[in-house]
Amino acid sequence: MDYPREEGSASERTSEAPRRMQLTGLHHVTLIVSNLERTTAFYRDVLGLALVHQTTNEDDPDARHFYFGDAQGTPGTLISFLEYPQLPTGVVGTGSTHHLAFCVDSPEEQVAWCDYLRSRGVQCTDVLDRGVFRSVYLRDPDGHIVEIATRGPGFTANLPPPHHPLSGA
């Protein structure tokens with residue numbers, strides 16, 4: 001599928017009259033997986049997300065498409081998965097997604113997540129202090145990097161980008 005690209009630089013586009021349209025947040029993220037039962041066992045049964053919708057991909061009716069999020073399926077909480085068991089393992093590079101991050105409200109809850117994940121046999125990093133928030137990293141069954149991050153204090157400090165422990169970068 002070809003997606004439109006806006007012509008001109010960002011500064012050229014913003015120098016025009018202000019747009020009345022605006023993006024108001026993230027709706028959902030979609031990942032490709034090899035096995036939706038295994039994915040469901042991880043995201044629903046381990047991470048505790050609700051399986052809110054099961055369908056097929058509108059662009060490829062042979063591909064199953066599951067949505068997980070809060071119990072109401074609220075946009076902004078959603079992550080969806082397309083099942084393609086025949087595809088090869090992904091290669092990291094331009095055009096790929098590095099990781100996705102979920103949020104917890106406190107450092108104590110984040111530590112509790114580490115303990116819980118490890119008790120379920122899920123490997124995760126120790127808590128990493130990013131200066132503006134704290135991070136824990138793990139991988140889902142298909143190898144996607146998942147972060148559990150604290151809310152704050154936020155991007156109030158001008159800090160250099162951190163090293164990411166699972167990317168080798």
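**View 1. Arginine 64 and glutamate 37 meet in a salt bridge.** Their side chains come to 3.0 Å, N to O. A salt bridge here is a side-chain nitrogen of Lys or Arg within 4 Å of a carboxyl oxygen of Asp or Glu. The model is predicted: local features need pLDDT of at least 70, side-chain atom pairs count only at pLDDT 80 or more, and totals for chains, interfaces and linings use all residues. Residues are numbered from 1 along each chain as its sequence is written, and side-chain values use heavy atoms, with hydrogens and water left out. Arginine 64 lies in strand S3 and glutamate 37 in helix H2, so the pair ties together parts 27 residues apart in sequence. Helices (H or I, at least four residues) and strands (E, at least two) are DSSP runs, numbered from the N terminus. Arginine 64 is partly exposed, at 28% relative accessible area. Glutamate 37 is partly exposed as well, at 48%. (Buried means under 20% relative accessible area, exposed over 50%, partly exposed in between, with a 1.4 Å probe and protein chains only.) Shared partners join Glu37, Arg64 and Glu83 into one salt-bridge network.

**View 2. Four strands form an open sheet.** Their order is S1-S4-S3-S2, and the pairing is mixed. Two strands pair if DSSP finds at least two bridges between them. The edge strands are S1 (28–33) and S2 (50–57), each pairing on one side only. From one strand to the next, the twist averages 25°. Axes are lines fitted to C-alpha atoms, for helices over the stretch in contact, and angles run from 0 to 180 degrees between N-to-C directions. Helix H2 (residues 36–43) packs on the sheet and touches S1, S2, S3 and S4. Contact means heavy atoms within 4.5 Å. The direction of H2 makes about 5° with that of S3.

**View 3. Strands S3 and S4 run antiparallel.** S3 covers residues 60–69 and S4 residues 78–83. Four bridges join them. Histidine 65 has leucine 82 in S4 as its bridge partner.

**View 4. Arginine 151 and aspartate 105 meet in a salt bridge.** The N to O distance is 2.6 Å. Arginine 151 lies in the segment after strand S8 (145–150), and aspartate 105 in the loop between strand S5 (99–104) and helix H3 (107–119), so the pair ties together parts 46 residues apart in sequence. Arginine 151 is exposed, at 58%. Aspartate 105 is exposed, at 57%.

**View 5. Aspartate 126 meets arginine 118 in a salt bridge.** Their side chains come to 3.0 Å, N to O. Aspartate 126 is exposed, at 53%. Arginine 118 is partly exposed, at 38%.
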